[in-house]
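I opened the model today and kept notes as I went. The entries follow in the order of looking.

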Amino acid sequence: MTTFYRLLGVTADSDGAAIKSAYRALARKYHPDHNGGHPLAERRFRMLAEAYDVLSDDAKRVKYDRYGVTALSRQGDLPGFAGSVQRLAKNLETALESRLKGVKRRGADKRLPLALTLREAVFGCTKQVVVIRRGPCDSCGGGGAERGSAVEACHVCDGRGLLREGSGLLAREEACAFCDGRGRVALRPCDACHGAGEAERHLELPVTVPPAAHPGRRLVLRGYGENGQAGGEAGDLFVELSVEPHPLFEREGTDLRVSVPITITEAVLGGQAEVPLLEGGSIGVRVPPGTRGSQVLRLRGRGGPLDKGGRGDLLVRIEIETPVVDSSVARELLERLDQVSIHPHRNAYLRALSQHLESTGP
Ligand SMILES: [Zn+2]
Ligand SMILES: [Zn+2]
């Protein structure tokens, strides 16, 4: 059990006086008041204070020597420090492994949702996306220290970033909590990056969406994921497409569908319907006299792009709207219309109905 001794820069056989004077010197050097009052400076100071609290108390020191940090923390002798060391060790384990052992590690992949309009998805487009990448902090140039403040090799881990705890078969390496595994300590941590030396950068990137893109499709931006470690390559960024519903159009494979409501009069007498085009604008489509409901007109080459070139079709579904009648004039006109118009289908139906009723009896 050496961490606390290392924190104070003393050895396991140092006596009380040596521990006290070592602590005093370090406490002066690392006091947050001398180091910009930064939370990181405060945490370091607290670590020193907790180590001193244990090593300056004979009973706690004996316990620590025999059972280590965990025993002290279980017995409530050490509320803050042990937990923070263990948490930190876990977080830094993988990063450290590669940094210290030089193990190349590929950065993690990232996902980025991208919503497209139907038009963008059908015809393809180029969209700007914002990618967050980590790079050296601008304020401190990556050193993690406020300008003009010193960066020193960590006295606790001798600049290795790792601490060996235990001995023999039980020995294991842990991240040095004092320097966060960096091996270097900025006395006055950089305010912009809190001593990490890294900052997030917002990068605008163009993403080219090919035509006929469907929801759920993933586009890959190679190398725009998390940074790799120890020279490992960066991960990839997967842009995941979704498509917003369109108020007029629906997709059907490479065809497009649109519903166009017309009036009864237009259906009877014929007319011109204005049909929208997904690429923009509209075209006039002739509605022939006597058009029946739910008829589908196929406009060739007005749908989505096809793989082999050319375009699919636009299917125009004509819907005859039953008018809402809320005046006596309209009611009279409609009743009059019924009397003067011919309904061959209805007449045929009525004839067949009466024959049916006659033949089957009451
Ligand atoms: Zn260290
Ligand atoms: Zn910085």
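How many of the 362 residues of the protein, in percent, count as buried? I find 22%. Buried here asks for 20 or more other C-beta atoms within 10 Å of a residue's own, exposed for 12 or fewer, and partly exposed lies in between, with C-beta atoms placed from the backbone.

**Ground rules.** This is a predicted model, where local features need pLDDT of at least 70, side-chain atom pairs count only at pLDDT 80 or more, and totals for chains, interfaces and linings use all residues. Residues are numbered from 1 along each chain as its sequence is written, and chains are lettered from A and ligands numbered from 1 in the order in which they are written.

**Confidence.** I looked up pLDDT, the predictor's confidence in each residue, from 0 to 100. The mean for the protein is 86, and 88% of its residues reach 70 or more. Residues 82-95 stay under 50, and the model has 18 contacts beyond four places in sequence for them. Where pLDDT is low, the predicted coordinates should not be read in detail.

**Inventory.** I get 10 helices and 15 strands. Both are DSSP runs numbered from the N terminus: helices are H or I with at least four residues, strands E with at least two. A contact means C-beta atoms, placed from the backbone, within 7 Å. Among contacts between residues at least 6 apart in sequence, 61% join residues at least 24 apart.

**Helix pair.** Next I took α2 (residues 16-30) and α3 (residues 39-55). They pack at about 170°, with axes 10 Å apart. Axes are lines fitted to C-alpha atoms, for helices over the stretch in contact, and angles run from 0 to 180 degrees between N-to-C directions. The two helices are therefore roughly antiparallel, a label for angles over 145 degrees. From α2, the contact uses Ile 19, Tyr 23, Leu 26, Ala 27 and Tyr 30; from α3, Ala 41, Arg 44, Phe 45, Leu 48, Tyr 52 and Leu 55. I count 10 nonpolar, no polar and one charged residues there. Nonpolar covers Ala, Val, Leu, Ile, Met, Phe, Trp, Tyr, Cys and Pro; charged covers Asp, Glu, Lys and Arg; the others, Gly among them, are polar.

**Three-strand sheet.** I traced an open sheet in the order β1-β9-β8, with mixed pairing. Strands pair if DSSP finds at least two bridges between them. Which strands stand at the edges? They are β1 and β8 (218-221), each with a single partner strand, so one side of each lacks a neighbour in the sheet. Neighbouring strands are turned by 25° on average, direction ignored. β1 and β9 (residues 237-243) run parallel over seven bridges. Arg 111 has Phe 238 in β9 as its bridge partner.

**Two loops.** Ala 108 sits in the loop between α6 (81-101) and β1 (110-116). It has 12 C-beta neighbours inside 10 Å and so counts as exposed. Asp 236 is in the loop between β8 and β9. Asp 236 has 19 such neighbours, and therefore counts as partly exposed. The C-alpha atoms of Ala 108 and Asp 236 are 7.3 Å apart, across 128 residues of chain. Beyond four places in sequence, Ala 108 touches Gly 225, Glu 226 and Gly 235.

**Hairpin.** Last, I checked β10 (residues 249-252) and β11 (residues 255-262), antiparallel over four bridges. Phe 249 stands opposite Val 258. Two residues separate the strands of this hairpin, and Gly 253 in the turn has a positive phi of about 65°. β11 also runs parallel to β15 (residues 314-320), joined by seven bridges.

Technical notes
Parallel < 35°, antiparallel > 145°, perpendicular 65-115°, else oblique. Contact = placed C-beta atoms within 7 Å.
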